[in-house]
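Hi,

Here is the structure I promised to pass on. Have a look at it first, and my notes on its pockets follow below.

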Amino acid sequence: LSRPARAACATPLFHSLLPPPTDRSMPATALAPHQLRLTIDPAALGFNSTAELQDEPLPWIGQERAQAAARFGLAMRQSDYRLFVLGEVGSGRASLLRQAMQAAAAQRPVPPDLCYLHNFDAPERPRALRMPAGQGRELRALMAQLVRFGQTEIPLRLSSEDFKAESERIQSAYRSEEAKAYADLDAFASARSFNLYRESGHLVFTLAGDGGNALTEAEARALSKERRAEIDQAEQELREEIGRFLDKTRPMLRVMNEGLASLRRQVVKPLLDHELQEIRLKLKKQIKDSVKLGNYLDQVAHD
C-alpha cells in the first residue's frame with residue numbers, strides 16, 4: 001500500500017512454488033522407476049472434468065500473506081491509497097486480484113449510475129446526473145425509444161389532413177395580403193413607365209417604351225436629356241416604393257412563419273408531452289438529481 005506523502009508497505013510477492021535447489025555436495029541416491037512418475041487417483045480429485053471448476057474461486061496456493069494483504073488493501077476506504085501487486089508472469093496475480101476485487105465490491109452498496117446529459121445551453125459542457133443503479137441504462141434506452149417514436153410519429157402528424165388544411169389557410173392569408181401589396185407596387189411602377197416582375201426571389205424592373213416593351217440600351221440613349229432626368233427621378237421613387245413594400249411584407253412573412261411554427265408545435269407538443277411523461281413515470285424511483293433530470297427532459301421537448 002502506498003500513499004503519495006508517506007508509505008506503509010505490505011508487499012507480499014508471488015514466490016515460486018518450486019522446492020529449493022538440492023545441495024550438490026550431498027551424495028546422489030538412485031531412484032526407483034516408480035519414483036520418477038507422479039500417479040494420482042482420479043477419484044481423489046473430487047470432480048469428473050476440469051470444466052466443473054470454471055466457476056470455482058481460484059485458490060491462493062502458497063500465497064496466504066498476499067491474500068491477507070490484498071483483502072486488507074481492498075478494505076481501505078480512505079482516498080489516495082493504492083494496492084500494488086508484484087509477481088511473476090503467469091503466476092495468476094491479475095486473475096486472483098480481479099476475483100478479490102469482485103468479492104469486495106459485492107459486499108459494498110451498489111454505487112449510483114453516473115450519466116452525462118446533453119447541455120443545450122453549452123454543448124461542450126455536458127451535465128452530470130446521478131441515478132439509482134440500473135436507471136442510467138434505462139434512461140438511455142427510453143431516450144433512444146423516444147427518438148425512434150418521434151421520427152415516425154411526428155411526420156405522420158404533420159402530414160395529416162387537418163394539419164395541411166390549417167397550414168394552407170395560414171399561407172393563403174399571407175399570399176392574399178402580399179398580393180394586394182404587390183398589386184399596388186406594380187401599379188406604382190406602371191404609372192412611371194416601368195415593368196415590374198419577380199426573378200429568383202428578387203424584384204426587377206425595366207423601363208418600358210411606348211409599346212410596353214422594355215427599352216433597349218440604344219433606345220434609352222436616344223432619349224432626350226430632359227426625359228432621362230425624368231426617368232432617373234421616377235426610378236428613384238420606384239426604389240423607395242419597393243423599400244416600403246418590403247418593409248410592409250416582411251412582417252407578413254414573419255407572421256406566416258410564426259403561425260406555421262406555432263401550428264407545428266400545437267400538433268407535436270401533446271405527443272412529446274405524453275411520451276416524456278411516460279419516461280418520468282418509469283423513472284419514478286427516488287433520484288437525487290430529479291430536478292436536473294426534469295429540466296433536461298423539458299429542454300428535450302423544447303428542442
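A pocket here is an open set of points on a 1 Å grid over the protein atoms alone, where a 1.4 Å probe fits, with protein on both sides within 12 Å along at least five of seven lines; its lining residues have an atom within 4 Å of a point. This is a predicted model, so local features need pLDDT of at least 70 and side-chain atom pairs pLDDT 80 or more, while totals for chains, interfaces and linings use all residues. Numbering runs from 1 along each chain as its sequence is written, and side-chain values use heavy atoms, without hydrogens and water.

On to the largest pocket. Its lining has 23 residues, and L272, V300, A301, H302 and D303 are the ones nearest the centre. Helix 3 (135-158), helix 6 (225-282) and helix 7 (290-302) each give two or more residues to that lining (helices are DSSP runs of H or I, at least four residues; strands are runs of E, at least two; both are numbered from the N terminus). Helix 6 gives the most, nine residues. The space inside is about 560 Å³, a volume being what is filled by probe spheres set on the points, which are joined across faces, edges and corners.

The second largest pocket holds about 230 Å³. Among its lining residues are Y174, E178, H202, F245 and R250. At least two residues each come from helix 4 (161-191), strand 4 (202-207) and helix 6. Here, too, helix 6 gives the most, with six residues.

Cheers
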